[in-house]
Amino acid sequence: MSGSPAVVMRLVASAYTVAEKAGAIVRKVLHSGELGIVEKTGANDLQTLADRLAQQSICASLSRRFPKITIIGEEDLPDEEVKEDLIENGHSEEILQKTCPAEYSGLKEEELVVWVDPLDGTKEYTEGLLDNVTVLIGIAYAGKAIAGVINQPFYNYQLGAGAELGRTMWGMPGLGSFGFQLKEVPGDRRIITTTRSHSNKVVTDCVDAMEPHEVVRVGGAGNKIIQLVEGRASAYVFASPGCKKWDTCAPEAILTAVGGKLTDMHGNAYRYDANVKHMNSAGVLATLRNHEYYVSRVPQSVRQALKTD
């Protein structure tokens with residue numbers, strides 16, 4: 001390997017350890033018992049101390065090392081000095097050893113946009129459904145999700161005391177995905193994963209139109225993509241606005257890296273430029289295989305209800 005690693009590989013290598021640090025913060029806040037819950041727009045849109053501290057940690061750590069990147073985080077936080085113990089300076093040496101895909105090797109810091117959800121599945125976090133919780137750091141270039149890191153802070157929590165908690169997965173189209181074992185639902189079964197707390201008639205009509213053998217309702221966009229890549233669901237169907245770009249950027253990169261696809265309900269790609277609107281207004285449809293089949297099953301009434309950006 002000649003010269004120093006590409007900027008984007010250094011960013012992913014840092015994002016990996018930064019996501020692990022954020023996951024540790026999320027666990028620590030839960031174990032303290034003082035969640036500091038506030039409602040943002042209502043009972044289904046919550047923010048906790050863990051959301052706030054994890055976002056401060058992620059944004060401060062990455063911007064200190066990569067001052068020219070654009071970082072867009074979910075939480076609207078006051079501009080304040082971030083405590084030094086929230087800063088993560090490490091990186092994953094293993095990621096730096098990987099060969100950067102040629103198309104990304106010359107990218108500059110200022111061309112990269114980082115989308116951060118410091119705690120995806122906040123409602124589930126407050127309810128103790130801990131396997132639904134993820135930390136999401138997505139990296140975009142020219143509107144496309146080109147790398148993603150997902151930390152699951154409570155992975156293995158059902159095993160009880162003594163189990164090693166947490167795991168981190170990452171992926172980059174053109175390079176691959178790492179940190180999990182790719183599995184697929186058997187080809188003759190359609191298992192749909194969808195929202196557990198943001199449902200309505202349009203959402204359920206769309207799920208029904210897929211003629212599923214089974215429906216899995218879980219929280220968190222990151223968690224739903226994990227269902228896809230670990231063989232517990234064949235499609236993630238959410239025919240509603242509600243998801244934001246920071247929910248889908250990292251998961252989309254990991255899914256794309258293993259041959260999957262994430263679009264709106266019309267089959268159009270979302271863009272992740274710094275100036276796009278944050279809401280994924282036309283819903284989310286994600287699959288590991290056979291994306292066109294699922295797009296073709298979306299009812300006309302749903303298409304009309306969900307306008308494209």
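Which residues of strand β13 (residues 284-287) point one way, and which the other way? Val284 and Ala286 point one way from the strand, Leu285 and Thr287 point the other way, and all are buried. The model is predicted.

**Strand β13 and its partners**
- Strand β11 (residues 235-238) is joined to β13 by 4 bridges, and the two run antiparallel.
- In this pairing, Phe238 stands opposite Val284 of β13.
- Strand β12 (residues 261-263) also pairs with β13 in the antiparallel sense, over 3 bridges.
- Here Leu262 is the residue opposite Ala286 in β13.
- Val284 and Ala286, the residues facing Phe238 and Leu262, point one way from β13 and are buried.

**The open sheet**
- An open sheet is formed by 6 strands in the order β3-β4-β5-β6-β7-β8, with mixed pairing.
- Its edge strands are β3 (70-73) and β8 (176-178), each of which pairs on one side only.
- From one strand to the next, the twist averages 15°.
- Within the sheet, strand β6 (residues 144-152) and strand β7 (residues 167-172) run antiparallel and are joined by 5 bridges.
- Asn151 stands opposite Thr168 in β7.
- Helix α2 (residues 49-65) lies across β3, β4 (112-120) and β5, and runs at about 155° to β4.

**Thr134 in strand β5**
- Thr134 lies in β5, which spans residues 134-141.
- Because its relative accessibility is 0%, Thr134 counts as buried.
- Leaving aside residues up to four places away in sequence, Thr134 touches Asp117, Pro118, Leu119 and Asp120, among others.
- Its contacts also include Ile150, Asn151, Gln152 and Pro153, as well as Gly222, Asn223 and Ile226.
- Among these contacts of Thr134 is Asn151, the residue that stands opposite Thr168 in β7.

**Helices α6 and α7**
- The axes of helix α6 (residues 221-229) and helix α7 (residues 245-257) come within 9 Å and cross at roughly 15°.
- Angles under 35 degrees count as roughly parallel, and α6 and α7 are therefore roughly parallel to each other.
- Their crossing is right-handed.
- On the α6 side, the contact is made by Ala221, Gly222, Ile225, Leu228 and Val229.
- On the α7 side, Asp247, Pro251 and Leu255 make the contact.
- By class, the contact of α6 with α7 has 6 nonpolar, 1 polar and 1 charged residues.
- Gly222 of α6 takes part in this contact, and Gly222 is also one of the residues touched by Thr134.

Key: Residues are numbered from 1 along each chain as its sequence is written. This is a predicted model: local features need pLDDT of at least 70, side-chain atom pairs count only at pLDDT 80 or more; totals for chains, interfaces and linings use all residues. Side-chain values use heavy atoms; hydrogens and water are left out. Axes are lines fitted to C-alpha atoms, for helices over the stretch in contact, and angles run from 0 to 180 degrees between N-to-C directions. Angles under 35 degrees count as roughly parallel, over 145 as roughly antiparallel, 65 to 115 as roughly perpendicular and the rest as oblique. A crossing is left-handed if the near helix is turned anticlockwise from the far one by less than a right angle, and right-handed if clockwise. Contact means heavy atoms within 4.5 Å. Ala, Val, Leu, Ile, Met, Phe, Trp, Tyr, Cys and Pro count as nonpolar, Asp, Glu, Lys and Arg as charged, and the others, Gly among them, as polar. Buried means under 20% relative accessible area, exposed over 50%, partly exposed in between (1.4 Å probe, protein chains only). Two strands pair if DSSP finds at least two bridges between them.
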